[in-house]
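Try each task yourself before reading its solution.

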Amino acid sequence: MKRPLLMLLNPTSSTKTLCVNALALSLFLANAPAWAMGKAPPQRVMVALGDSMTAGTFANTTSSPGRRGGAGALSASELQPEVQTVSGQASTRDLLKFLLKPVLENKNTYSWATGRRIPSHFERLRDVLRSRGESVEHFEALNFSVPGSKSLQILEQARKLRDELRSRGNPRIEYLAMTIGANDVCDSTMGPVVPDAEFESTTREVFAQIAATARSVRKNSDERIRVLVAGIPPIPTSGGPEFWQHQILPGLTCETIRKRVFPFCPNLIRWNSEVEFEDRMNQVARKNAILERLVHEANERNPELEMVFGSGLAEVRFAPEDLAMDCFHPNAWAQKRMSEELWRNQPWY
C-alpha cells in the first residue's frame with residue numbers, strides 16, 4: 001500500500017513520463033482545436049511566420065503601467081496570458097519554456113498577425129470575409145513564429161508549414177503574413193549579426209519554400225498565395241535617451257532593465273552620437289533593401305505567389321510607453337498600431 005506514495009516521493013523515469021503525458025493529454029483535451037476533436041478540419045487558413053514581433057513576445061506587459069499600452073489602451077482584465085499546452089515527453093527545459101510562455105508568446109491574443117484581443121490581420125480578415133457573405137466557421141490561423149528567430153529558423157518554420165497543412169487536409173492558404181530580418185541585424189544570445197550575403201541567401205530559400213508549399217496546396221493553376229513580408233522596424237530609434245531614462249516604476253528605469261535583465265540587440269540601441277545613430281539605421285536599411293528586392297524577385301520567379309513588402313513597419317516610430325516591460329518589444333498597444341500600419345500595405349482586402 002505504501003508503494004504508490006513512495007513512487008510519488010521518489011518518482012522513477014517511467015513514472016515521470018506517465019505524469020507528464022497525463023498532464024499533456026488533459027491540457028490537449030481542454031484546448032484542442034475543433035478539427036482535432038472529430039469536427040470538420042479548416043477549409044482555409046491564415047498563416048504567420050516570424051520572430052518575437054509576430055509571436056507577441058511580452059505584448060501582455062507594459063513599460064508604462066496605467067498609461068498607453070496598459071490600462072489606457074487595454075484594460076488590466078484584457079491583458080491576460082494565453083493558455084498554453086505542453087506535449088510529448090517534456091524535459092526540465094521544456095517545462096521551463098512552458099512556464100514562461102504566457103509572456104514569451106501571445107500569438108492568439110496580442111500578435112499583430114493573429115491576435116484575437118486586438119484588431120489583428122486575422123480578425124480584420126475575418127471581418128472582410130463576413131462582409132462578402134463568406135463563412136468563417138472553418139477559417140483558422142496558424143502562427144509558426146518563434147521568439148528570437150533569425151532567417152535560418154524562419155526557414156525551418158516554412159518547412160514545417162507544408163507538413164502541418166497536409167495533416168489538416170491541405171486547406172487553402174488565404175493569406176500569409178511574416179516578419180523576418182530583425183534578429184539577423186541584431187547581435188544577441190541567438191548569435192551574431194548575420195552577414196548581408198548570408199541573410200540574402202537564406203531569405204531566398206524561405207521564399208522558395210513558401211512557393212513550393214503554395215504549389216502543393218493550391219486548388220487550381222491560377223491561384224496565387226498572398227504574402228505580406230513586413231519590413232524590419234527602425235530598432236535604433238529606441239536607443240534615444242528618452243528610452244533609457246524612461247521610468248517603469250519608482251526607482252526602476254529602462255536602463256537598468258536593458259543592462260541587467262534583458263540586454264536585447266545592444267549593437268543597435270546603444271549609440272552616443274548622431275553619426276553612430278545613422279550608422280545603426282543604415283545597417284537596418286541594408287537588410288530592408290535586400291528584403292524588398294527579394295520580394296520582387298520572388299514574384300517574378302514564382303507565379304503561385306503574390307508578395308508585397310510591408311514598408312509600414314520599417315517606417316513606424318514608437319515612444320517609450322509603447323514598449324513592453326522588457327523595454328524592447330512592442331506592447332499590446334504597439335501591436336495594434338503595427339497591425340494598422342501593415343494592413344495599409346496589403347492591397348487585397
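**Exercise 1. Where is Ser-120 found?** Once you have placed it, work out its surroundings.

*Solution.* This is a predicted model, so take the values as computed ones.
- Step 1: Look between helix H4 (92-104) and H5; Ser-120 sits in the loop there.
- Step 2: Check its exposure. Buried means under 20% relative accessible area, and Ser-120 has 0% relative accessibility, so Ser-120 counts as buried.
- Step 3: List its neighbours. Leaving aside residues up to four places away in sequence, Ser-120 touches Ser-111, Trp-112, Ala-113, Thr-114, Gly-115 and Ser-339.
- Step 4: Find the polar partner. A polar atom of the Ser-120 side chain lies 2.5 Å from the backbone oxygen of Gly-115.

**Exercise 2. Work out the strand order of the open sheet of five strands, and say which strands stand at the edges.**

*Solution.* 
- Step 1: Read across the sheet. The order is E2-E1-E3-E4-E7, and the pairing is parallel.
- Step 2: Go to the two ends. Strand E2 (139-143) and strand E7 (305-310) each have a single partner strand, so one side of each has no neighbour in the sheet.
- Step 3: Zoom in on one pair. Strand E1 (residues 44-49) and E2 run parallel and are joined by five bridges. One of these links can be located by residue: Val-45 has Glu-140 in E2 as its bridge partner.

**Exercise 3. Are the residues of E2 buried or exposed?**

*Solution.* 
- Step 1: Count along the strand. Five of the five residues of E2 are buried, so E2 is mostly covered.
- Step 2: Sort them by direction. Phe-139, Ala-141 and Asn-143 point one way from E2, whereas Glu-140 and Leu-142 point the other way.
- Step 3: E2 is an edge strand with a single partner, and yet its residues on both faces are buried.
- Step 4: Look for a helix over the strand. Helix H5 (residues 121-131) lies across E1, E2, strand E3 (172-179) and strand E4 (225-230), and runs at about 160 degrees to E2.

**Exercise 4. Which residues of H5 are buried, and what do they pack against?**

*Solution.* 
- Step 1: Walk along H5. The buried residues are His-121, Phe-122, Glu-123, Leu-125, Arg-126, Val-128 and Leu-129.
- Step 2: Name their partners, which are E1, E2, E3, E4 and H13.
- Step 3: Take the helix partner in detail. H5 and helix H13 (residues 332-345) have axes 10 Å apart and pack at an angle of about 55 degrees. This angle makes H5 and H13 oblique to each other.
- Step 4: Identify the contact. His-121, Arg-124, Leu-125 and Val-128 of H5 meet Ser-339, Glu-340, Leu-342 and Trp-343 of H13. By type, the contact has four nonpolar, two polar and two charged residues.
- Step 5: Look just past the end of H5, where Gly-133 takes a positive phi of about 80 degrees.

**Exercise 5. At what angle do the axes of H6 and H7 cross, and which residues meet?**

*Solution.* 
- Step 1: Compare the axes. Those of helix H6 (residues 151-167) and helix H7 (residues 196-217) come within 9 Å and cross at roughly 10 degrees.
- Step 2: Classify the angle. Angles under 35 degrees count as roughly parallel, so H6 and H7 are roughly parallel to each other.
- Step 3: Inspect the contact. On the H6 side, the residues include Leu-152, Leu-155, Ala-158 and Leu-165, and among those they meet in H7 are Phe-199, Val-206 and Ile-210.
- Step 4: Sort the contact by type: eleven nonpolar, six polar and three charged residues.

**Exercise 6. Is Gln-346 buried or exposed?**

*Solution.* 
- Step 1: Locate Gln-346 in the segment after H13.
- Step 2: Apply the 20% cut-off for burial. Gln-346 has a relative accessible area of 4%, so this residue is buried.
- Step 3: Find its polar contact. The backbone nitrogen of Tyr-349 is 3.0 Å from a polar atom of the Gln-346 side chain.

Methods: Residues numbered from 1 in each chain as written. Predicted model: local features only at pLDDT ≥ 70, side-chain atom pairs only at ≥ 80, totals over all residues. Heavy atoms only, no water. Pairing = 2+ DSSP bridges. Helix = DSSP H or I, 4+ residues; strand = E, 2+ residues; numbered from the N terminus. Contact = heavy atoms within 4.5 Å. Axes fitted to C-alpha atoms, helices over the stretch in contact; angles between N-to-C directions. Parallel < 35°, antiparallel > 145°, perpendicular 65-115°, else oblique. Nonpolar A, V, L, I, M, F, W, Y, C, P; charged D, E, K, R; others polar. Buried < 20%, exposed > 50% of the residue type's maximum accessible area, 1.4 Å probe, protein only. Polar contact = N/O pair within 3.5 Å; in protein donor to acceptor, adjacent residues only side chain to side chain.
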